Amino acid sequence: MRLTSALRSAVVVSLLLATPVLAAETTATPAPAPGAEQGMSCHGGEGHKRFKHERKLQRMEHRFDRAVAEGRLTQAQADQFRAEGRQLREEMKAQREAAGGQLSEDQRQKLRERMRAFREKVKSAMKPADAQKP
């Protein structure tokens, strides 16, 4: 009985001593989310969409770099595709801003066709050398 009581006492004392340390760790201010200083919320809103499209552009550029490293594209082709992709993205963004954020169905269809054409152009250039020769 005395041993159990002594063990309980030791556990309670250690918890009492550790509580201020644990409480200080949980009440510390978390690091601000990227873009929070610009007034963007990380849960929805315009900031979330902006970062989503930026990541898409970064992934596209990463794929170009990988294709150059694997020999499926030349550096000049990759640079040309990067510039063309950025230009297309900027044109789409400018059209959307000019229309107040709401594009007509005709405008959307034209932009989709341009994006499809760009993707097809990139895909055809990035095919392995074996597939291009037949």
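Analyst: Buried means under 20% relative accessible area, exposed over 50%, and partly exposed in between (1.4 Å probe, protein chains only). This is a predicted model, in which local features need pLDDT of at least 70 and side-chain atom pairs count only at pLDDT 80 or more, whereas totals for chains, interfaces and linings use all residues. Residues are numbered from 1 along each chain as its sequence is written, and side-chain values use heavy atoms, with hydrogens and water left out.

User: How many helices does the chain have?

Analyst: Helices (H or I, at least four residues) and strands (E, at least two) are DSSP runs, numbered from the N terminus. Read from the N terminus on, the elements run α-α-α-α-α. With zero strands in the chain, the number of helices is five.

User: Which residues does Phe-64 contact, leaving aside its neighbours within four places in sequence?

Analyst: Phe-64 is listed with Leu-73 and Val-122 among the core residues that have the most contacts inside the core. Taking contact as heavy atoms within 4.5 Å, and leaving aside neighbours within four places in sequence, the partners of Phe-64 are Leu-73, Ala-78, Phe-81, Arg-82, Val-122 and Met-126.

User: How far apart in sequence are the parts that Arg-82 and Asp-65 tie together?

Analyst: A salt bridge is a side-chain nitrogen of Lys or Arg within 4 Å of a carboxyl oxygen of Asp or Glu, and Arg-82 forms one with Asp-65, their closest N and O atoms being 2.0 Å apart. Since Arg-82 lies in helix α3 and Asp-65 in helix α2, the pair ties together parts whose separation in sequence is 17 residues.

User: Which residues are linked with Arg-82 in a network of salt bridges?

Analyst: Arg-82 also forms a salt bridge with Asp-79, with the closest N and O atoms 3.2 Å apart. These two residues are three apart in helix α3, which means that about one helical turn separates them. In the network, Arg-82 is linked with Asp-65 and Asp-79.

User: Which helices hold Lys-121 and Glu-84?

Analyst: The side chains of Lys-121 and Glu-84 meet in a salt bridge (2.9 Å, N to O). Both residues count as partly exposed, Lys-121 at 36% relative accessibility and Glu-84 at 25%. The salt bridge (2.9 Å) ties together parts 37 residues apart in sequence, because Lys-121 and Glu-84 lie, respectively, in helices α4 and α3.

User: Which residues are exposed on the other side of α4 from its buried ones?

Analyst: In α4, the buried residues are Leu-111, Phe-118, Val-122, Ala-125 and Met-126. They cover an arc of only 100° around the axis, so they lie on the same side of α4; the arc is that of the directions from the helix axis to the C-beta atoms. Exposed on the other side of α4 are Lys-110 and Lys-123.

Definitions and conventions
Core = buried A, V, L, I, M, F, W, Y, C linked by side-chain atoms within 4.5 Å.
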